[in-house]
Amino acid sequence: MSGSGRRGASGYGGSPLVDEAAEWLADQALGSTPVGSILSGCCDRLVAAGLPLWRSYLAYRTLHPLFASISLIWRRGQQLGTISHLHEEAFTSEQWLRSPMNHLLERSLPFLRRRLTGREAMMDFPLLEELKGQGGTDYLAYAVPFTTGAMEGPETRGVLGSWATQRRGGFSERDVHDLMRIQRRLAVACKVQIKDQTARNVLDTYLGLDAGRKVLEGRIRRGDGEQVHAVLWFSDMRGSTRLADALSSRDFLDLVNSYFECTAGAVLTAGGEVLRFIGDAVLAIFPISENGDGPAEACARALTAARDADARVAQANVERRTRRLEDIDYGLALHVGDVLYGNIGVPQRLEFSVVGPAANEAARLESLTKTLHRRLLLSEEFVTRLPGPYRSLGRHRLRGVGEEMEVFTPREELAAGR
């Protein structure tokens with residue numbers, strides 16, 4: 001294909017407005033614009049430059065515990081659509097296997113064009129029939145890898161995309177040249193943001209939202225941290241040693257993950273920060289600050305999470321009994337105190353967590369749930385900050401803690417705490 005028209009500022013024989021769109025994409029690669037905004041901004045500028053765009057599609061791999069890939073769909077005059085594809089179905093669904101994008105990857109093709117109307121029409125993919133039914137006349141798909149060479153399968157990092165028009169006669173040769181030029185610059189701009197998004201996903205997944213944000217802000221040296229006042233959550237699964245011996249490794253891992261979904265999942269739903277998984281224990285905090293939750297609000301969130309965890313465990317156990325599996329049981333302590341929240345470890349391997357006497361006291365308080373046969377125990381520091389109907393279980397000495405601590409439990413006792 002050969003270009004036509006006045007030679008632009010970039011030396012390409014195309015519209016100066018298309019050159020401006022290309023320059024705009026270069027600027028986005030240096031900024032922090034989300035991928036969806038980059039796609040929308042690019043398409044809007046191409047339309048302003050006179051290209052007859054009706055629909056644009058962009059997909060890319062992501063590193064996320066739930067999703068394998070993200071798809072974005074831009075349509076002229078409509079809001080951007082976003083689809084997150086689960087790992088178990090992203091590249092195995094019938095829709096994917098019969099798609100032009102899968103065809104590109106299977107054959108390591110850089111692009112594919114299909115006219116949707118006229119004598120040259122070729123409708124060899126279900127998507128093309130769908131687009132034609134919506135008034136589409138021409139379709140151009142492409143694959144741009146983030147490495148040299150071609151994209152060779154779904155595991156290759158890069159972007160897949162397409163352009164479609166409703167103009168009678170489809171794209172002109174000049175339109176195709178402009179789009180093929182722009183799509184590489186679009187891929188470069190998106191690559192930077194995809195890598196940034198991937199880094200955030202990984203840090204949020206392995207460190208938590210707040211800790212991940214702090215690390216990205218540059219707090220990566222050992223000792224970087226701050227003193228925080230917080231509600232401390234410490235929960236531990238019951239009978240784990242016996243179960244680990246009795247179950248296969250896969251069954252025990254499934255059990256532990258189910259328990260974490262009930263307990264740590266409840267913490268996250270209530271707005272807490274899960275800091276560590278210590279074997280089968282969960283350490284979490286609900287921060288107390290002048291600019292955030294006060295003491296009563298943070299304690300209320302933690303108690304709401306405790307009740308939610310209990311309900312989740314009860315539901316999980318109903319399902320487990322249908323499979324003749326043993327119930328999940330656990331102990332939980334809620335405490336309030338000051339802890340150092342920051343990087344601990346060795347310079348080559350750090351962990352963002354909390355340390356201090358209050359964290360140790362929360363763990364010791366949780367151990368007392370076994371002796372007192374209660375699922376949930378509350379410290380005196382907790383109940384003085386959140387008025388409510390509590391039952392005192394007396395004063396007890398915690399291992400490694402100097403003074404005795406009065407211990408409480410809610411009057412509406414949890415399912416396994418009677």
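Analyst: The lining of the second largest pocket consists of 18 nonpolar, 9 polar and 6 charged residues (Ala, Val, Leu, Ile, Met, Phe, Trp, Tyr, Cys and Pro count as nonpolar, Asp, Glu, Lys and Arg as charged, and the others, Gly among them, as polar). The model is predicted: local features need pLDDT of at least 70, side-chain atom pairs count only at pLDDT 80 or more, and totals for chains, interfaces and linings use all residues. Residues are numbered from 1 along each chain as its sequence is written, and side-chain values use heavy atoms, with hydrogens and water left out.

The space in this pocket amounts to about 660 Å³. A pocket here is an open set of points on a 1 Å grid over the protein atoms alone, where a 1.4 Å probe fits, with protein on both sides within 12 Å along at least five of seven lines; lining residues have an atom within 4 Å of a point. Its volume is the space filled by probe spheres set on the points, which are joined across faces, edges and corners.

In total, 33 residues line the second largest pocket, and those closest to its centre are Tyr57, Ser71, His85, Gln95 and Trp96. Several elements each contribute at least two lining residues: strands S1 (55–61), S2 (67–75), S3 (81–86) and S6 (158–165), together with helices H3 (94–97), H4 (100–106) and H5 (126–133). Helices (H or I, at least four residues) and strands (E, at least two) are DSSP runs, numbered from the N terminus. The largest share of the lining, 5 residues, is supplied by S1.

The chain has 418 residues, of which 49% count as buried, meaning under 20% relative accessible area (1.4 Å probe, protein chains only). Its accessible surface is about 20900 Å², and carbon and sulfur atoms account for 51% of that area; the values come from the Shrake-Rupley method with a 1.4 Å probe. Among contacts between residues at least 6 apart in sequence, 61% join residues at least 24 apart, where contact means heavy atoms within 4.5 Å.

Technical notes
Buried < 20%, exposed > 50% of the residue type's maximum accessible area, 1.4 Å probe, protein only.
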